[in-house]
Structure formats: C-alpha cells, structure tokens
Amino acid sequence: MEILVCLKQVPDDSVELHLKPGTQEVNLEGVTPVVNAFDTYALEMATRLKEAVGGSITAITIGPEGAKDAVKTCLAVGANQGCLITDPSFEGADTLGKSKILAAAIRKLEADAGKPFDLIFCGREATDKASGQVGPQLAEALGVGVVTDLVDIQQTDAGVQAKQETEEGYRLVDAPLPCVVTVNKPPYDPRYPTIKSKLAARKMPIPTLDAAALGGVAPGAAGSHVVKVYEPAKRQAGVKLKEETCEETVAKAIAMMADAKVL
Amino acid sequence: MSQYNKVTPELIEALKAAVPGRISVNGDINEDFSHDEMPIYGKAMPEVVAECLTTEEVAAVMKLCNDNRVPVTPRGAGTGLTGGAVAIHGGVVLSTTKMNKILSYDTENMVVQVQAGVLLNDLAEDAAKQGFLYPPDPGEKFATLGGNVATNAGGMRAVKYGATRDYVRAMTVVLPTGEIVHLGASVSKTSSGYSLLNLMIGSEGTLGIITELTLKLIPAPKEVISLVVLYENLEDCISTVPKLMMANLHPQALEFMEREIVRLSESYLGKSTFPQTFEGTDVNAYLLVTFDGENEDQLTEIIEQASEVVLEAGALDVLVADTPQLKKDAWAARSTFLEAIEANTKLLDECDVVVPVNQIAHYVTYIKEISEGYDFEVKSFGHAGDGNLHIYTCSNDMELAAFEQQVADFMEKAYAKATELGGLISGEHGIGHGKLDYLAQMVGPVNMRLMRGIKEVFDPNLVLNPGKVCYKL
Amino acid sequence: MDWGNRKDILVFLEQKDGKALNGALECLTPARALAQHTGGQVLAVLMGTDNAGAAEKVAPLADGVLAVTGGDYSDGAADAFTWALEQLAAQYEPAAVLAGNTPLGREMTARLCARLGLGSVQDATALTWDGDTPVWTVPLYGGTVLNDVVVDTLPVVATTRSGAFAKPEAGQTSPVTPVELQVPADAVKVKVAQAVKELSEAVNLEEAKVIVTGGRGMGSKEQFALVEELAALLGGVVGATRPAIEDGWVSRAHQVGQSGKIVAPALYIACGVSGATQHVSGMSGSGYVVAINKDEDAPIFDVADVGIVGDVAKILPLMIQEIRQRKAE
C-alpha cells in the first residue's frame, strides 16, 4: 500500500504559550518545534498498517526550511521517504490554500513515482490552531472520500475499514481507495526511533518542492483575516474558605452557592 | 520518664502570639502531619503545628520551645522516607511550607536566594524561565529545598552534576537555642574555619532549622536527549555502566530498571512506554540514560558513541527519546516507580544503599539471592551511574509483625553487604529514626560519639528533632 | 460588510436519537444576531429520515425549519449531509452557514468551504461586531491565546463552541418546510458498516448544566463514588481529569480538558482537582466554579468562585448531606 502522511510542525504543545507583553505576537522563545501530536498518531497508525500489509510511507509538510526537521523525525519512526514543500508565496496560506498546495504536491509525487497513493493520513487537527480543516479539504481537492477522527484502521477487500469513536461507542466506516483519513488519539502511543533509524534518518536527503515545481500552484487569497490577537481575561479567583471545622466550611460554601442561585 | 515537657496552654498562647493565625492544636491538626512517605517507621501526632512565615517566627518558636524543654521537629513537605520529619517525642512540628518565596536571582554570580519552603519543582521551573538549571534532581519534585538540603538529596542528575551539597553556597539557620546564624557566602571557594555550612547539609533537622538558602545555578544546557537501552538480562544491563562511564561521555542521568517494576509503573500510568520484546527476545532490563549538550550535532555524536558502547556490551537495541513528548513519557515511567509501588503495596519498607559503581551487579545479584528466603517481594531500581540503589520490600498479605521481623533481618544483611563492598547505608534518603540503629552498626561507636558530640554543641537541651540520626533516647 | 443579496442564515442542527443537540441549538443565537444585521431569517436545517419530533421543538427557536429527507441521513453519513448542505447553500443563497463544532459540523463545513472556495472560522466562542461586520473570537494554543477573525467570503461559514452561546428563548412557532433531497450515488464515497453502542447512555458533558468532576485527589475508585453521588443529587454529569481516568476510576467519555471535552455548565464542582492548564482550559467557560482541594495553593483555586480548602473525603459527604437537607425543605 502506498501511504502518504501529511504533517505540520507546531510549537511543543506541552508548553503554555503566551503573547509577548504589550504585543500581538506569540512568544515562541525557547519553545521546541515538534511534529503535531495528532500527526505523530497518524504516522504510527500508518506504520502499523504498512507493517501489516506491506508498502511504503511518504511524509510531507508545508513549511520553512526548518520544517525539514519534522520530516526527519518521521523518517526515523516509519516513513520511508519525505519531502518539504516550501515557497515564500505559500506563507499566510489558509487551510483551503494549504489543501490546494498539498493536492498539487501529491499529484506531482504520484507522477514522479509513476504510481498513485492509496491512502492519505492527516492528524485530526493541529495542536496550535485546532481547526481540523485541512484533511477534509484535501479530500475535496483530490476528489476522494474522507473519514475523520479514526482510532484504528484495517485493510479490506474493497479498501479500508476505519474505526471512529462516537459518544456511545464506535462506528466502522468502509472507504474505497484512494481516500483521506484524519486520525484521533489511538489506544497506543507513537514508537521511539532506534539509534539506527535515527542516524539513518539524519543522513537521508529531504528533497524540496516549490511553487514552480508544482506547476505554479498558488494558495489564493485567504478567506479570512485576523483583526486582533490577545489573551483571554483571567477568571477572577473568588473566596477561599477554611473555617475551624469542615462543617462550618461546607455550610458557608453551600450558602454562597445558594446566594448565587446555582443550586 | 520523658526528659521533655508537654505543651501547656500557656505555651500555646505564647506560640499563637509568635505565629499569629498559623498555630494548629491537637484535634485541628491534619493527620498528614503524623507521618512521612514511609509510615512503617511509626506515626506520631504532634501536639502543635506551627506554620511559620519568617526566620524571626521560626526563631521565636524555637526559643519558646527550648526554654520550655518541648521538642521541635522541623518539617518541609513531608516527603521523606525515614521518618525524619515525624514528631516521635511529641511537641511542636514546625512547618516551613509557607516560607515558599523565591527571593532573588543574582544572575552574574549565578546564585538564587530562596526561602526553605520553596518546592524543588517551583525553583526548577522558575530557574528554567531565566535560562538556568538547578542541577539537583531528586525523584520527589514536590519536596521543599530546605528538606533537600537537610538530607543532602541526590537524584537523577547526580552522576554528572553531584548532589544537593554541591549547590549550597550559603544559608540562614535558626539554632535550637533560637539564635539566628548565617553560614557560608555566595562565593565558590572557602577556607575559613570549620565548614558549619557543610555540617548543616545532611543534618536532617537535628542541628538547626534552615530558613533561607543561597543556591548555585548553572546555565541550562541547550539540548537534552535520552536513550532507552534494552537488555535481555539485568547482569548485561548493569555491567554496561562502568564501560559507559569510562567512555567519557558524561551522562547527566543513568538509571537502571527491571522489567517487573517498569510494568508496574506502566500499569499505574495506564500507558505502555517501553517495549517488552525485541525481535522475539523478552526485554528484562532497561537503562535510561540522558545526555545534555550545546547543540544537536554534538549530542548526536555522543549518543552514537554511547550506543556503540552499550551494543558492544550486549544491549539488544537503543531507543532514542528525542522529542519533548518521548522524553516526558520515558521519564514519567521512571519517576512514578515509588508512587506505583505505594499504590500497589500495603506493607512497604525500603533502603537506599550506595555501593561503588563496579559493585552494582554483584550487589544486585546478592540481593536477589537473599530475597528468595523471605515472604515479601523485593523490587529494586536505582541510579546506576552513582551506585545508589533503591530496594523496596513489599507485601500485601503478611502480618505486620512478621513483615517487620523479616525486613529487619533482610536489611541487616543488605546493609552489611553494602558496607563490605565499600558502600554506605544511605545515598540520599538519610537516616531519620528508621535507620538509626543500622547507622550505629555500620559506622561504629567512635563515629557515633563524634556525631553525638556535635549534636550537643548545637543543641544543649536536645530539643531539636530528638531520636533522629545519632541521638537516640 | 456588503452582504449583496444574501440575507438568510442557515443553521445546521445535528441530531441524536431524534433530538437536536444543545450545542447546535446554541448556534441559533449568533445566527439571530447575524440575521438582525442582514435583515434575513434564521432557518434551522434538520436532516434525517424523520425530522418531525426535532422540528416541533426547533420551530419556536427559529424563523423557519428546513426538514430535509430523501436520502440516507443517518449517523455518520457525512457525505450525504455535506452534499445536502451544498444544495441548500445554492438554493437559499444564505448570508451565513453555521453549525456546532462537533466532528460532523467541522467536517461538513470544511468540505462545503472547499467546494465553494470559502474561508471560515471554527470553534468560535464569541461574536462581536465591527459596524456591520461580524467578528468571531476563536481560541488558539489550547485556549491561552484568542484571535478575533473576520471571514471575508460569502456565505460566512462558522462553527461554534458548545457552551459558548446561550440557547435562544422560544418564541412563536415557525413554519416547517419539508425539503426532499435525494442524494445521488456518486456523492457518497464512504459508508457506515456498523455502529456499536458500548455505553448504555451517552455522557453528555457538553450539554450538562451541572458537572461534578473528580481528579486524582479523590484517591481511589471507592472515594470517586462520592463524585458520582453528588452529581446524581444535583442532576448533573460526572466529569474527570486525565489522571482519574488513567487510574481506571471512570471511563474516558468523562474526560474534561484539552484532550477531552470543552464544557461550560452553569455550575462546575471540581473535587480533588489540582487545576492543570490542560484541565482548566476545558472548563474555564463554566458559570460558577466550586473547587475542593486540601492543597491551599492548588491552581484550581485561581479560577474558582468558591474554594473549599479541605479533604474531599470529609467535605463531600457533608456537602451531600447539606444539599439533601435543602432539597427536602
């Protein structure tokens, strides 16, 4: 199976991000760029599928030169090859623009390899903007089906069967190939690279594709614009109760809740 | 008959005047104050808990208690493992947890001044924001720095950076008499008489109460990477350690872990982090190694060399934790060992012997052999890089008396062997009152006499933390 | 903003068991604000095999209901929903298309935007106005940063966060227009093979008015039962933090926070919860927050209206007793 994994480099999501004081700029100083967590789940799911049915995984990302590191990270944990899609004109592209660029890159890679991708994996959303648009919009741009929020996938005679978590349980969804899937947190974690795979990935060349290589693709004007960036007002801390006895504390708390009419 | 007096209503009033609003008495005292993290050494409720805010308040409480011959037990976050902060002779527990302010950084001299009740975790995070690392890294991140200094806590990074002692430049101490003294200075050299500063470090609250500290920081290393090394058996795993140390690669941390304890902690975390098999072979032991450096290229070279060493020495494979998430997961599994053991065990005791690095394998094999003869389970892990081993005796079905009796027998052998191999009975947890008899046995009467003599110079009425380290009633 | 000839606001209402989700109904509120600026109507869109029950409840909340049938509009049939929404967007030429930010709402609107070449906002938490131009507030980086965003294309497409807007008050009932839309075979690419129910009832945290959440501080599964008891007493839903779930005290469906649900109940009671950012970002939209924790310095107290410093094992039974007494009176 020929598999493509789309990934995005984002700031380490275990770090709480804030604006530089007095500015509308997010302070990313000292924050490690990482592969979006949901994309790492997508890659792990893709790698397990590849190990089960055979095939090859290509990892791609749109971003500046530094995003090559994100591709390298993926080459150490399952991806067989990767490439960086980069062009100054891609900066500021919205999700629709990005899905167009990705679609053009996919067609280019398919033409170069002489074979199509069967399955395209994306994370369900990126941890920075969490809009969850690129996967479904990429499917539309490619004119193929999409299944969102998978937690598992397996090959079937007719294509793949994807497991989607629902409020009460789960759904199994059949999709013919090729198709796009977006991945939620599966019940397993992404694997560690081994020293061998890590060193090998470091040495692998990461080719780049620019707008010209993609037939002059342009993201087009963004369909929205940001007018203000700010931090949410902090919730005001209320009162802290610690009376002589627990009984008194509870009585006081309940009285306050009753006054606020929340009981 | 006790040589101490009970707390009187008059003393309570005087304490309330000295520490307004922060004195709890008898029934109001939270049960947490009766024990630390190793309740097997016995619980004891204090008569009074005083939560002080300043050095002056500590001095006032100390003076009142000294004058009234009432024992005082200093206490930080209560995360100790030897009963050191338990008021076994009653009296007053003096809590420093509200003295939790980071006072100032002197970035040019690379020191920070803190109150003793600041939590290790809070200093670590705050220092990181300023671009510094506070190298000592004991497993319990929610201990107070005062407590860390009082036990000379070691931790994961000791193999490269040393223990807490190496980072204490100066301190403010309230003596048992209520006098306030300043020891040390924020300089890096000293040859100015007996080092009272060093005497205070590791004294476990028996010589004075530490209220403020000046601690040394280092510039934070720019890059950190961890390796998880897989082994088929523990012998291969541990015999790698001297080779890795000889390779001059300066690991920041070097921990060994056995299969059972890794599984226990993974099931506690609900997350499987380390592979259980490698190409069909069961993985039975792991080394977790961390390196730090200035850039990725330099670090890659180091981990490549380290991998060569361990693979040659019989490792099955080397995994690389090179992203924040993977690093966090790898260390989370290691850091929750104690929590996982506590959550799964009804009766628990432990020791933290330290042996020469080249004797670790020998020692662990010995422990495994003798543990066959007891009804409890023995779980061990430890700082392979500095020979400091944590050995836990755990039982869910033994009677307490039988457990204590068997553990006493086991510990005696464990300590004797450690001493025989050139080691000591505690690497970082301290003596408290749980290990006092073993200390006396291992170091002998002359050493005990010296310690006791020092104690009497500082604490003529023997009111500060009685029954601990060297002074048994 | 120049709306051209566009006036009406289409609101897609996702249904579960024949009822529109609350999170979707809340979407009618920003829709009303938009309609007031465009001079159009709020049209609620229901799609299903039988919309009658839902339509009756929805009709008083909108200016009209479009009840779409004629295809396989069942759970998980995202292709059919997307196709039908595209048809309605063509037919009604709306000024805006809104949906709740559920997995389905998010997927449908994303695909609609791709088909029509539109911009959009997701997970909007507020709607303000710059003159006649709608400005949407969207959270970034797990909620520590907010962006105010203007959508530049028409129709304006947005999904809204559950709990961010109040459900509209019922007014006069409005007409229900049946719309027959037969989904062509080539519009459907993926098919639900099987839907499995594992939980007897859905954990409806997003729509709960009261949530009682337990964290690691509850100590054990047995003690966690106190959280369940208090929730039941208040007619609320049980929430949990990640550690409590990972310790196996309650199922993952109860998770509140960054990797779980974003909630905004009128009353939120956090028991033995320390208040990690990942958790707080999931509940900070709550109306009134009560926190119980024995650690006086726990960060949860920074976001609580009432903070109770004490041991949950002692406080919760007393609270349960006291509330029971009040109810009896």
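Biologist: In which loop of chain A is A:Pro178 found?
Modeller: In this predicted model, A:Pro178 lies in the loop of chain A between strand S9 (169-176) and strand S10 (179-183).

Biologist: What is the peptide bond from A:Leu177 to A:Pro178, cis or trans?
Modeller: The bond from A:Leu177 to A:Pro178 is cis, and its omega is near -5°. Most peptide bonds are trans.

Biologist: And in chain C, what is the bond from C:Leu154 to C:Pro155?
Modeller: The bond joining C:Leu154 to C:Pro155 is cis, with omega near -5°. C:Pro155 sits in the loop between strand S10 (145-151) and strand S11 (156-160) of chain C.

Biologist: Staying with the backbone, what is phi of A:Lys261?
Modeller: Phi of A:Lys261 is near 60°, a positive value in a residue other than glycine. Most residues other than glycine have a negative phi. A:Lys261 belongs to the segment after H6 of chain A.

Biologist: Turning to H6(A), at what angle does it pack with H9 of chain C?
Modeller: Helix H6 (residues 246-259) of chain A and helix H9 (residues 312-328) of chain C pack at about 50°, and their axes are 9 Å apart. H6(A) is therefore oblique to H9(C). The crossing of H6(A) past H9(C) is right-handed.

Biologist: Which residues meet there, from H6(A) and from H9(C)?
Modeller: From H6(A) the residues are A:Cys246, A:Glu247, A:Val250, A:Ala251, A:Ile254, A:Ala255, A:Met257 and A:Ala258. They meet C:Lys314, C:Ile315, C:Leu318, C:Met319, C:Glu322, C:Ile323 and C:Arg326 of H9(C). By class, this contact of H6(A) with H9(C) has 11 nonpolar, no polar and four charged residues.

Biologist: How does H6 of chain C lie against H9(C), parallel or perpendicular?
Modeller: The axes of helix H6 (residues 221-233) of chain C and H9(C) come within 10 Å and cross at roughly 20°. Because angles under 35 degrees count as roughly parallel, H6(C) is roughly parallel to H9(C). H6(C) passes H9(C) in a left-handed crossing.

Biologist: Which residues of H6(C) and H9(C) meet?
Modeller: H6(C) contributes C:Gln223, C:Leu226, C:Val227, C:Glu229, C:Leu230 and C:Leu233. H9(C) contributes C:Val312, C:Ala313, C:Leu316, C:Pro317, C:Ile320, C:Ile323, C:Arg324 and C:Lys327. The residues of this contact between H6(C) and H9(C) divide into 10 nonpolar, one polar and three charged.

Biologist: Now the interface as a whole: how many residues of chain C are in contact with chain A?
Modeller: There are 76 residues of chain C in contact with 70 residues of chain A. The area buried between chain C and chain A is about 6300 Å², and carbon and sulfur atoms give 58% of that.

Biologist: How many salt bridges does the rule find across the interface of chain C and chain A?
Modeller: Four salt bridges are found across the interface of chain C and chain A. A:Lys242 and C:Glu296 join their side chains in a salt bridge, at 3.3 Å from N to O. A:Glu140 forms a salt bridge with C:Arg111, and the closest N and O atoms are 2.7 Å apart. That pair runs between chains, from A:Glu140 in helix H4 (residues 134-142) of chain A to C:Arg111 in helix H5 (residues 103-116) of chain C.

Biologist: What about chains B and C: what area do they bury between them?
Modeller: Chain B and chain C bury about 460 Å² between them, with 23% of it on carbon and sulfur atoms. B:Asp32, B:Tyr268 and B:Leu269 supply 52% of the area that chain B buries against chain C, more than any other three residues. Eight residues of chain B are in contact with seven residues of chain C.

Biologist: How many salt bridges are found across the interface of chain B and chain C?
Modeller: The rule finds three salt bridges across the interface of chain B and chain C. C:Arg216 forms a salt bridge with B:Glu339, with 3.8 Å between the closest N and O atoms. Over all chains, the structure holds 46 salt bridges.

Biologist: Within chain B, at what angle do H8 and H11 cross?
Modeller: Helix H8 (residues 259-269) and helix H11 (residues 337-344) of chain B cross at roughly 80°, and their axes come within 9 Å. H8(B) is therefore roughly perpendicular to H11(B). The residues in this contact include B:Tyr268 of H8(B) and B:Glu339 of H11(B). By class, the contact of H8(B) with H11(B) has eight nonpolar, two polar and one charged residues.

Notes:
Residues are numbered from 1 along each chain as its sequence is written. Chains are lettered from A and ligands numbered from 1 in the order in which they are written. Side-chain values use heavy atoms; hydrogens and water are left out. Axes are lines fitted to C-alpha atoms, for helices over the stretch in contact, and angles run from 0 to 180 degrees between N-to-C directions. Helices (H or I, at least four residues) and strands (E, at least two) are DSSP runs, numbered from the N terminus. Angles under 35 degrees count as roughly parallel, over 145 as roughly antiparallel, 65 to 115 as roughly perpendicular and the rest as oblique. A crossing is left-handed if the near helix is turned anticlockwise from the far one by less than a right angle, and right-handed if clockwise. Contact means heavy atoms within 4.5 Å. Ala, Val, Leu, Ile, Met, Phe, Trp, Tyr, Cys and Pro count as nonpolar, Asp, Glu, Lys and Arg as charged, and the others, Gly among them, as polar. Buried area is the accessible area (1.4 Å probe) that two parts lose on being put together, summed over both.
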